[in-house]
Amino acid sequence: MATTAVTSAEITSEAPRSDFGRVLAQRERRFAAALLAPAFLALLATTTFPLLFLIYTSAFRMDLAMPFTNGFVGSENYQVLLSDERFWTSLLVSLVYTGSTVALQVIIGLALALLVMDMKRGQGWFRVIAILPVVLSPAVVGMIWRTFMLAPEFGIVDFLAINAGLGSKNWLGDPTLAMVSVIAIHTWQWTPFAFMVLLASLASLPEDIYEAARLDRASAWQRFRRITLPLLRPAIVMVIIMRTMVALTAFAAIFTVTAGGPGTATEILNLYAYRKSFTELSIGYGSALAVALLIVTIIISGILFAMRRAK
Amino acid sequence: MSGQGQVSFRNIVKMHGEFAALKGVNFDIKPGEFFALLGPSGSGKSTTLRILAGLDAPTAGRVLIDDKDVTSTDARDRDIAMVFQSYALYPHMTVAENIAFPLEMAKLPKSEIAPAVKDAARKVKIDHLLHRKPGQLSGGQQQRCALARAIVRKARLFLLDEPLSNLDAKLRLETRAELKKLQRSLGVTAVYVTHDQEEAMTLADRMAVFMSGEIQQVGTPAEVFARPNSIDIAGFIGNPPMNLVPARYVDGDVIIAGHRLKTTATTAGERDVVVGLRPGALRMAEGGLGARVDLIEDLGDTAVLDLDCAGTMIRMRVADGNIPGEGDTISITARPQDIHLFDPATRMRL
């Protein structure tokens, strides 16, 4: 009790100065809040609200083809989802697509970065050329690949395949080849991103520790394994996180190239939710699929961020 | 594994485009010697060390280690350990892992690595820091870690590139003494690059003095101090360095500012010379060269006087208790054997 009294007495004695500071800080905070408000409200309206509405919708049966069946169904959409074989297939396709594209981007991007690091001239040009695919719209990339590259007989890839003696392939018609194709397209477009990030990270590593490692008799492979890789780890993990987020929610390129086909061979979860909502007009179930994708994305990013923090 | 550590440089030239960083360097280092490469920045001493380490290739010339031509041998295969000016520690490894790295690369069994790491860390007194990362160490501790990593392998050659330059003055003095003891106890050949003549004087058994891409003198610190080969070395070695005064030589005497001084150095006939006088070799005596005391820098046990001898600035070191006042006029002289003569044209010793 006595202590409390002393403390409050101290506070009172210091009141004038701290009061002034507090008022000032409060005013400043209010002004800051006013400045932030428009952006904050816009974000709320365009991201948070649709997200909440999506979750809300997923608890309804909302079938535009059969409006008379609409109504609140609780968790029924999710129960259906869990026993929906096409959901599991599309989830698997999503995971294969994401896993393989991210792995390829990191491996090829890192290899390119290491090669370009050793280039004495033309690094700048290489960077400019490498960034081109990234600035293209994925839909455009999809169209280019579908026509220019993969069209039977006339596409560059098919032309090369014929000349290599493999014969003309139905690149987008065969389920396995279609999957390989969409993975290749995504990798082609986004590897430069990984390349740029890793190149910048590589360039920031000090030269002298490599000289020390040479004198310590480390071979080129050991220098890569023991020094480059651990020091690049933060950049690599960051690339993996960013690219995984994007790959999980990829849409435009696949949509324009195969639209999920043939059959459901390249139908990632995102595409399935789209087809369900806007082709089959089953908005409620489509929303449940989208929420499922959201949960998968959160879980995977949670794991990746934990990996990043570890050690 | 640890060999002799005998080094020979034969006409080493290093060009950076048009610029000659090294213009034909020759020297030999004996096994077990503490050899300093001394010179001002840009004189080529670090380039020499990098060529010896195999980190840079010379444009011409040959490098021999233990009588074997290693000019085109990769740094990996030269059996050389080095301490970098920046320390070049592996930032993602602990101190223990840093020290263990060269042993792991040499594929030593784990059971031998652990005691060797402890031993090396104990020698440089960082055995209590083994689990820290370099980022958590002070500059002096990082420097010791770099030293431990270099000595753990028992290489035949031990290179040090300005290892003390990033330490504060007090730590530098302490580490300097420890470095010398360490090198003696290991008995390894050490090559030491520095721009600090005091470091070279105190540490080295012998040293090579670099001036603009060339070696101007090789010798023990005492030899270089006593008989500098050129005006440049005379002006570089010693603290404060030798006074260099234009003068006239007339059979056995030099004439400085109208005053004659006897010298044991001889040269033909009568000619212009540059006289070198160590600040510590000057004495106050009657009938000498008249000089006015401009400034006194009191160092405690000695003092350095800035003297004005008829327009020529001369610095003189005097023992404490014998100091004139500022503005006084004194008379100075030097023993004949303390007068060095240099040729003003070639800048070499006469």
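This is a predicted model: local features need pLDDT of at least 70, side-chain atom pairs count only at pLDDT 80 or more; totals for chains, interfaces and linings use all residues.
**Entry 1: strand β12 of chain B and its partners**

I looked up β12(B), which covers residues 253-256. Its covered face carries B:V254 and B:I256, whereas B:D253 and B:I255 belong to the uncovered one. I then turned to β11(B), residues 243-250, and found that this strand pairs with β12(B) in the antiparallel sense over three bridges. The two strands form a hairpin, with two residues between them. In that turn, B:G252 has a positive phi of about 85°.

I next followed the chain to β13(B), residues 259-262, which is joined to β12(B) by four bridges and runs antiparallel to it. Here I recorded that B:R260 in β13(B) stands opposite B:I255. β12(B) and β13(B) also make a hairpin with two residues between them, and in this turn B:A257 has a positive phi of about 45°.

**Entry 2: the sheet**

I placed these strands in an open sheet of five strands in chain B, ordered β13-β12-β11-β14-β19, with antiparallel pairing. Which strands stand at the edges of the sheet? I found β13 and β19 (339-342) of chain B there; each has a single partner strand, so one side of each is left without a neighbour in the sheet. I also noted that neighbouring strands of this sheet are turned by 45° against each other on average, direction ignored.

**Entry 3: helix α1 of chain B**

Is helix α1(B) mostly covered or uncovered? I checked residues 45-53 and found the helix mostly covered, with nine of its nine residues buried. Among the buried residues I listed B:K45, B:R50 and B:L52. Just after the helix, B:G54 takes a positive phi of about 90°.

**Entry 4: nonpolar cores**

I looked up the largest nonpolar core, which has 104 residues. The residues with the most contacts inside this core are B:A148, B:L159, B:V191 and B:Y192. I examined B:V191 and set aside its neighbours within four places in sequence; its contacts are then B:I29, B:F35, B:L37, B:L49, B:L52, B:L157 and B:L159. Of these, B:L49 and B:L52 are buried residues of α1(B).

**Entry 5: where the chains meet**

How many residues of chain B are in contact with chain A? I recorded 16, which meet 13 residues of chain A. On the side of chain B that touches chain A, the elements giving two or more residues are β6 (80-83) and α2 (95-105) of chain B. The residues on this side divide into 13 nonpolar, two polar and one charged.

**Entry 6: chain A domains**

I consulted the domain assignment of chain A, which gives domain 1 (2-46) and domain 2 (76-309). The C-alpha centres of these two domains lie 47 Å apart.

**Entry 7: chain B as a whole**

Of the 350 residues in chain B, 41% are buried. Among contacts in chain B with a separation of 6 or more, 64% are between residues 24 or more positions apart.

Conventions
Residues are numbered from 1 along each chain as its sequence is written. Chains are lettered from A and ligands numbered from 1 in the order in which they are written. A nonpolar core is a set of buried Ala, Val, Leu, Ile, Met, Phe, Trp, Tyr and Cys residues joined through C-beta atoms within 7 Å. A residue is buried if 20 or more other C-beta atoms lie within 10 Å of its own, exposed if 12 or fewer, and partly exposed in between; C-beta atoms are placed from the backbone. Two residues are in contact if their C-beta atoms, placed from the backbone, lie within 7 Å. Ala, Val, Leu, Ile, Met, Phe, Trp, Tyr, Cys and Pro count as nonpolar, Asp, Glu, Lys and Arg as charged, and the others, Gly among them, as polar. Domain bounds come from an automatic or database domain assignment. Two strands pair if DSSP finds at least two bridges between them. Axes are lines fitted to C-alpha atoms, for helices over the stretch in contact, and angles run from 0 to 180 degrees between N-to-C directions.
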